[in-house]
Amino acid sequence: AASMAHEIKNPLTSIRGNTQYLDMVLQDNGLHFDEVDIIMHETDRLTTMLNKFLTYARPRLPETEKLHIEDIMEYVAQLVSREMDDNIIMRRNFGTTPSVMIDRKMFESLFINLILNAQQAMPDGGSIELKTEFDRSRNMVCASVRDSGKGIPPDISEKIFDPFFTTRDTGTGMGLAIALRIVEAHKGMIEVKSIEGEMTQFTIMLQALPEEEDE
């Protein structure tokens, strides 16, 4: 599958380059066609989809380090808050948790995706809660992203982690599929709770480091 994606990506790059050159020639002669813009836009969209598929089909191995999950969530929250709509409130509810061994870049990407999904689920505004806690009975660190949006309809709840499944016109349907791969690569779990019309919550659960390793 990854090889096939590469084979598709190569001619797309050629199509994009030649279309851009054609557009320059047309503009030099005082001409412009909307169809040229459409070709470049759709080519870029396909390339983006293929790049995400390659990330899913052939993920890199995690480069783990000892981190506190709430530190990553706080960094991501500050990053995305600059682009957050004014009608959305983001709340932090971080508990003190043990360290976990994770890949920083992978989990930054994961939480960015979950927060942006939460924002898109609330077109009329709402709240996003970022929460961490330690489940001592299972020795697991739990990190959740909860929104007060429209929820996930029961008939599609089992499909949301499927590659290319999306309910948005502009979505690629790879975000949650990649998120699941990231969590599984760290031997963790991801749980989803949703009430249609009220809320959705994604919870990541990771094995905590033993206390002697956490010091």
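Mentor: Gladly, and keep in mind that this is a predicted model. Let's begin with Ser-81, which sits in helix H3, spanning residues 69-81.

Trainee: Why is Ser-81 called partly exposed?

Mentor: Its relative accessible area is 38%. Buried needs a value under 20% and exposed a value over 50%, so Ser-81, at 38%, falls in between and is partly exposed.

Trainee: How far is Ser-81 from Lys-66, in sequence and in space?

Mentor: Along the sequence, 15 residues separate Ser-81 and Lys-66, while their C-alpha atoms are 26 Å apart.

Trainee: Now the helix pair. What makes H1 and H2 roughly antiparallel?

Mentor: Helix H1 covers residues 2-28 and helix H2 covers residues 34-57, and they pack at an angle of about 155°. Angles over 145 degrees count as roughly antiparallel, so the label applies to H1 and H2. Their axes lie 9 Å apart, and H1 passes H2 in a left-handed crossing.

Trainee: Which residues make that contact?

Mentor: On the H1 side they include Ile-8, Leu-12, Ile-15 and Asp-23, and on the H2 side Val-36, Ile-39, Leu-50 and Phe-53 are among them. By class, the contact of H1 with H2 has 14 nonpolar, six polar and four charged residues.

Trainee: Which residues touch the most other members of the largest nonpolar core?

Mentor: That core has 48 residues, and those touching the most other members are Phe-107, Leu-110, Phe-111, Ile-115, Ile-128, Val-145 and Ile-204. Helix H4, residues 104-120, gives the most to this core, with seven residues.

Trainee: What does Phe-107 touch?

Mentor: Leaving out residues up to four places away in sequence, Phe-107 touches Ile-69, Ile-72, Ile-102, Ile-182, His-186, Ile-204 and Leu-206.

Trainee: And the chain as a whole: how many helices and strands does it have?

Mentor: The chain has six helices and seven strands, in the order α-α-β-α-β-β-α-β-β-α-β-β-α along the sequence. Of its 215 residues, 39% count as buried.

Trainee: What share of the contacts between residues at least 6 apart in sequence join residues at least 24 apart?

Mentor: For the chain, that share is 75%. Its C-alpha atoms fill a box of roughly 70 × 40 × 35 Å along the principal axes.

Conventions: Residues are numbered from 1 along each chain as its sequence is written. This is a predicted model: local features need pLDDT of at least 70, side-chain atom pairs count only at pLDDT 80 or more; totals for chains, interfaces and linings use all residues. Side-chain values use heavy atoms; hydrogens and water are left out. Axes are lines fitted to C-alpha atoms, for helices over the stretch in contact, and angles run from 0 to 180 degrees between N-to-C directions. Helices (H or I, at least four residues) and strands (E, at least two) are DSSP runs, numbered from the N terminus. Angles under 35 degrees count as roughly parallel, over 145 as roughly antiparallel, 65 to 115 as roughly perpendicular and the rest as oblique. A crossing is left-handed if the near helix is turned anticlockwise from the far one by less than a right angle, and right-handed if clockwise. Contact means heavy atoms within 4.5 Å. Ala, Val, Leu, Ile, Met, Phe, Trp, Tyr, Cys and Pro count as nonpolar, Asp, Glu, Lys and Arg as charged, and the others, Gly among them, as polar. A nonpolar core is a set of buried Ala, Val, Leu, Ile, Met, Phe, Trp, Tyr and Cys residues joined through side-chain atoms within 4.5 Å. Buried means under 20% relative accessible area, exposed over 50%, partly exposed in between (1.4 Å probe, protein chains only).
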